[in-house]
Amino acid sequence: MAWVFGFVAIVVVALFAVLTWLRRSGRADEEGGAGPIDFAVNLALAVFLVVVAYAVVLCRDAISASDADVRAESESLVELYWAVAPLPQSAEVRDLVRAYTTQTVELDWPRMREASLDARTGVTLDSLRTAMLKLPATDSELRAEALARAAEVSHARTVRADNATSGLESVFMVSMVISGLLVITLPWALRRRPTLPSVIADVVRVATVVTGIVVIHLISQPYGIEGAVDPGPLKEAQVRFDEIDRLLPNAGAA
């Protein structure tokens, strides 16, 4: 978030510098406005707003899809726990399922804001799948289901990694920056001396453009802003593990 404050500070300083320059060297507005410039500004503003609106829709869809993927991963973990619970000698596997879920919340989640996953969680998942292969084949059908659920969990982690590294296409940011700069700077091309109404208009234009760019940048990556995709379903899965253990108190016994 530090870059946001830096960006805003730079914009404010630049705006102040331009207004100071126009106040010293600009000419009085005797024409009451220039039609072609006003038209160009309105056109650039329309392009900027259309791009922002489309980008918001795309970002929101990406966040919703990531949230659905997390819920699917949580369900796979719970079903995996159900599948291995009745199998003999499954205590190690169940402990690893719990450990993987905990590490996903505590280790992966903070790293996903940086577009990566924690390697330790991947090691735990590999250990989990290895331990499952060592389970005795007393119930081949249940064991096969457990292995299938483990594969789903592994796939879910891959999908989550892809979501964490995905983002809005650069063409949207480039379009917003270019159209936003036109919205801000075109009126200054007339070199009019600032008046109170013109300063207010300048501030509104700059605030609109900066807000749009900052908001889109923050939500352009599903895990880029805290709380956009919540690990709540995984925390609920941890509660479900306890419930399963209570329902099957002797599960996993040798």
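I looked up residues 37-57 and found the span to be 100% helix and 0% strand, with its end C-alpha atoms 30 Å apart. Helices here are DSSP runs (H or I, at least four residues), numbered from the N terminus. The model is predicted, so local features need pLDDT of at least 70 and side-chain atom pairs pLDDT 80 or more, while totals for chains, interfaces and linings use all residues. Residues are numbered from 1 along each chain, and side-chain values use heavy atoms, without hydrogens or water.

I checked the UniProt record, an unreviewed entry, which places "transmembrane region" at residues 37-57 and 170-190. Such annotations may be inferred rather than shown by experiment.

Next I looked at aromatic pairs (ring centres of Phe, Tyr and the six-membered ring of Trp within 6.5 Å; planes under 30 degrees apart are stacked, over 60 edge-to-face, the rest tilted). I counted 3 by this rule. One of them, Tyr54 with Phe172, is tilted, at 5.6 Å centre to centre and 50° between the planes. Tyr54 lies in helix α2 and Phe172 in helix α6 (residues 170-185), so this pair ties together parts 118 residues apart in sequence.

I then noted cover (buried is under 20% relative accessible area, exposed over 50%, partly exposed in between; 1.4 Å probe, protein chains only). Tyr54 is partly exposed at 48%, and Phe172 is buried at 13%.

I also found Trp109 and Tyr223 with ring centres 5.5 Å apart and planes at 90°, so that pair is edge-to-face. Trp109 lies in helix α3 (residues 91-112) and Tyr223 in the loop between α7 (196-219) and α8 (232-247). Both Trp109 and Tyr223 are buried.

Note on methods:
Helix = DSSP H or I, 4+ residues; strand = E, 2+ residues; numbered from the N terminus.
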